[in-house]
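Here is a friendly note to read alongside the structure.

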Amino acid sequence: SEVDASPTLTDGFQLVIDALKLNGIKNLYSVPGIPISDLLRMAQAEGLRVISFRHEQNAGNAAAIAGFLTKAPGVCLTVSAPGFLNGLTALANATTNCFPMILISGSSEREIVDLQQGDYEEMDQLAIAKPLCKAAFRILHAQDIGIGVARAIRAAVSGRPGGVYLDLPAKLFAQVIDAAEGARSLVKVIDPAPAQIPAPDAVTRALDLLKGAKRPLVIFGKGAAYAQADEEIRGFVEKSGIPFLQMSMAKGLLPDTHPLSAGAARSMVLKDADVVMLVGARLNWLLSHGKGKTWGKPGSQKFIQIDIEPKEMDSNIEIAAPLVGDIGSCIAALRNGIDSGWTVPSAEWTGAVNARKEANIAKMAPKLMKNSSPMDFHGALGALRRIVKERPDAMLVNEGANTLDLARGIIDMYEPRKRLDVGTWGVMGIGMGYAVAAAVESGKPVLAVEGDSAFGFSGMEVETICRYNLPVCIVIFNNNGIYRGTDVNPTGGEDPSPMVFVPGSRYDKMMEAFGGVGANVTTPDELYSAVSEAMNSGRPTLINAVIDPAAGTESGNIGSLNPQSAVRKG
Ligand code: ADP
Ligand code: MG
């Protein structure tokens with residue numbers, strides 16, 4: 001009887017895996033170690049895909065962007081204390097960006113941690129996680145794993161999505177309970193992100209504003225991309241005839257080349273529109289808080305805002321027509337409203353937008369054709385723009401300063417949720433984590449366009465990319481430094497400026513060290529050929545693109561955020 005007793009038992013390890021699988025989780029992003037190594041081994045044995053990284057922040061970023069891409073929580077697993085803290089940066093970033101993610105960290109013995117008696121990797125992780133995420137839970141008993149995982153999933157994806165921390169003490173994994181009881185304790189979350197239907201009078205208020213507008217504008221943010229209401233959104237835009245802007249990660253929701261896209265006339269439409277409808281976009285720093293010289297005269301513009309989070313309304317300025325609900329339901333309601341009587345915006349408005357657009361596109365065109373060596377940003381991005389145009393379904397990851405700001409404007413996107421970048425914080429370090437998850441979740445080739453500085457924050461994951469043989473092509477815009485590669489030490493001393501790197505670095509050799517393909521290119525034509533080959537072959541590739549160290553500006557487009565010293569000597 002001792003022999004056949006075991007099949008009737010289950011334990012914490014098994015129940016965590018069962019609970020995740022029952023809820024459709026397929027991929028785990030992780031860095032193994034005590035106490036989660038066996039959990040990961042068992043998860044792989046049970047058919048979950050386990051992607052093992054070199055640093056938790058990158059695993060966390062991968063989980064976060066998996067959440068954005070799939071509308072289901074991305075799951076990251078870490079060890080305790082430092083591993084947890086490394087993952088926490090990504091969890092906070094996910095929460096800030098409204099991406100659903102669950103960070104599961106192993107933790108030390110509660111009894112010892114709470115008495116501060118000095119355990120291995122002792123840390124009160126739950127308390128530390130709480131202010132940095134949407135919700136945080138700890139599971140102490142194996143019987144509670146089912147409900148604990150269910151709570152974490154629902155907290156991550158319902159309402160405004162965000163990051164959830166789940167604390168699993170080491171002892172929990174080894175707890176043994178009856179297998180039948182364990183099976184009964186599992187919970188499959190029903191309707192984890194319920195539709196949130198907008199109130200009819202709020203819809204009418206928004207429609208009245210839209211109908212009275214002379215110069216209407218719609219701004220789509222990454223919330224609109226996340227919502228996966230692509231057809232409703234396209235239908236609304238095309239029926240209404242209202243020009244639109246797409247925030248960075250919303251690009252491609254409608255093609256950037258759509259006749260109603262006002263992307264190339266951005267500064268004009270932000271100033272001149274009289275009614276602006278925000279759809280899943282916050283009026284934060286990325287939209288100059290809805291005021292100042294970016295926008296028209298105070299009082300001359302009225303705002304409609306669609307958001308699932310009621311507290312977002314009036315965050316910076318008055319919202320004349322708040323529309324609280326999920327974007328699919330809100331857009332469908334507006335669509336119904338304009339079906340019964342709607343006049344498209346005047347040719348005076350759309351004609352002015354188009355004229356500005358065409359002028360700006362014509363001005364940019366010759367810069368993108370320049371075939372110089374060393375390259376400047378525009379010449380290099382002109383080549384990458386063609387690459388994406390030829391492969392509209394490829395994923396694009398983008399970070400850096402100039403590399404980010406210029407790529408955002410220059411590379412047109414054609415399909416929803418293809419552009420992944422630094423997001424709400426404008427943070428560096430998301431590159432390789434996002435690239436790995438983009439490949440794993442989409443199965444499509446990934447182009448990661450990275451500043452040399454930005455790449456450094458997650459560069460070791462090129463080994464991960466090679467190990468899993470992912471179809472990722474990394475292009476490093478190498479101008480030898482942060483912003484530029486030309487700064488010198490004002491004292492004349494031996495140390496370089498804090499803003500520069502080793503001149504002439506060959507990042508491509510890093511990729512070769514792990515069996516991937518490396519290439520060094522110095523002209524846009526060479527860049528185009530090397531990237532085409534990588535995207536076609538699907539082989540892990542890193543292309544070191546030599547950019548003029550003098551090209552680029554301080555902090556890219558956001559140089560004005562640097563404080564200025566009154567007493568500076570150097
Ligand atoms: P961007 O940076 O692209 O402007 P933000 O991250 O600032 O976008 O804004 C995204 C907004 O979308 C958040 O305020 C979030 O609450 C909202 N949001 C996310 N998902 C949904 C959804 N399904 N329905 C409605 N609003 C959503
Ligand atoms: Mg640089």
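1. A word on terms first: two strands pair if DSSP finds at least two bridges between them. Helices (H or I, at least four residues) and strands (E, at least two) are DSSP runs, numbered from the N terminus. With that in hand, look at Asn-398, whose bridge partner in S15 is Asp-421.

2. Please keep in mind that this is a predicted model, in which local features need pLDDT of at least 70, side-chain atom pairs count only at pLDDT 80 or more, and totals for chains, interfaces and linings use all residues. Residues are numbered from 1 along each chain as its sequence is written, while chains are lettered from A and ligands numbered from 1 in the order in which they are written.

3. Stay with strand S14 (residues 395–399) for a moment. S14 pairs with strand S15 (residues 419–421) in the parallel sense over three bridges. S14 also pairs with strand S16 (residues 446–451), again parallel, over five bridges. Within S16, Glu-450 is the bridge partner of Glu-399.

4. How many of the five residues of S14 are buried? Five of the five are, where buried means that 20 or more other C-beta atoms lie within 10 Å of the residue's own; 12 or fewer makes a residue exposed, anything in between partly exposed, and C-beta atoms are placed from the backbone. Both faces are covered: Met-395, Val-397 and Glu-399 lie on one side, Leu-396 and Asn-398 on the other.

5. S14, helix H17 (residues 402–410) and S15 make a right-handed β-α-β unit; right-handed says that, with the strands pointing away from the viewer, the path from the first strand over the helix to the second runs clockwise. Elsewhere, strand S6 (residues 135–138) and strand S7 (residues 163–169) run parallel and are joined by four bridges. The chain passes from S6 through helix H7 (residues 145–157) to S7, and this β-α-β crossover is right-handed. Arg-138 has Asp-167 as its bridge partner in S7.

6. Next, the largest nonpolar core, which has 177 residues. Such a core is a set of buried Ala, Val, Leu, Ile, Met, Phe, Trp, Tyr and Cys residues joined through C-beta atoms within 7 Å. Ile-65, Val-446, Leu-447, Val-475, Val-531, Ile-543 and Ala-545 touch the most other members. Helix H3 (residues 56–70) gives the most to this core, with eight residues. Val-531 touches Leu-384, Ile-387, Leu-447, Cys-473, Val-475 and Ile-543, leaving out residues up to four places away in sequence; contact here asks for C-beta atoms, placed from the backbone, within 7 Å.

7. Which residues come nearest to ligand 1? Of the 24 around ligand 1, they are Gly-221, Gly-223, Met-247, Arg-282 and Ile-308; a residue is near a molecule or strand if its C-beta atom, placed from the backbone, lies within 6 Å of it. Helix H11 (residues 222–226) supplies the largest share of this shell, three residues. By type, the shell divides into 11 nonpolar, six polar and seven charged residues. Here Ala, Val, Leu, Ile, Met, Phe, Trp, Tyr, Cys and Pro count as nonpolar, Asp, Glu, Lys and Arg as charged, and the others, Gly among them, as polar.

8. Leu-69, in helix H3, is buried because 23 other C-beta atoms lie within 10 Å. Beyond its neighbours within four places in sequence, Leu-69 is in contact with Arg-417, Glu-441 and Ser-442. Its C-alpha atom is separated by 9.2 Å from that of Gln-228, 159 residues apart along the chain. Gln-228 is found in the loop between H11 and helix H12 (230–240).

9. Some backbone details deserve a look. Most residues other than glycine have a negative phi, and most peptide bonds are trans. Gln-228, however, has a positive phi of about 55°, and phi of Lys-71 is near 70°. Lys-71 lies in the loop between H3 and S4. The peptide bond from Ile-34 to Pro-35 is cis, with omega near 5°, and the one from Ser-373 to Pro-374 is cis, with omega near -5°.

10. Finally, is Pro-259 buried or exposed? Pro-259 is exposed, because 12 other C-beta atoms lie within 10 Å. You will find Pro-259 in the loop between strand S10 (244–246) and helix H13 (266–272).

How values were computed
Contact = placed C-beta atoms within 7 Å.
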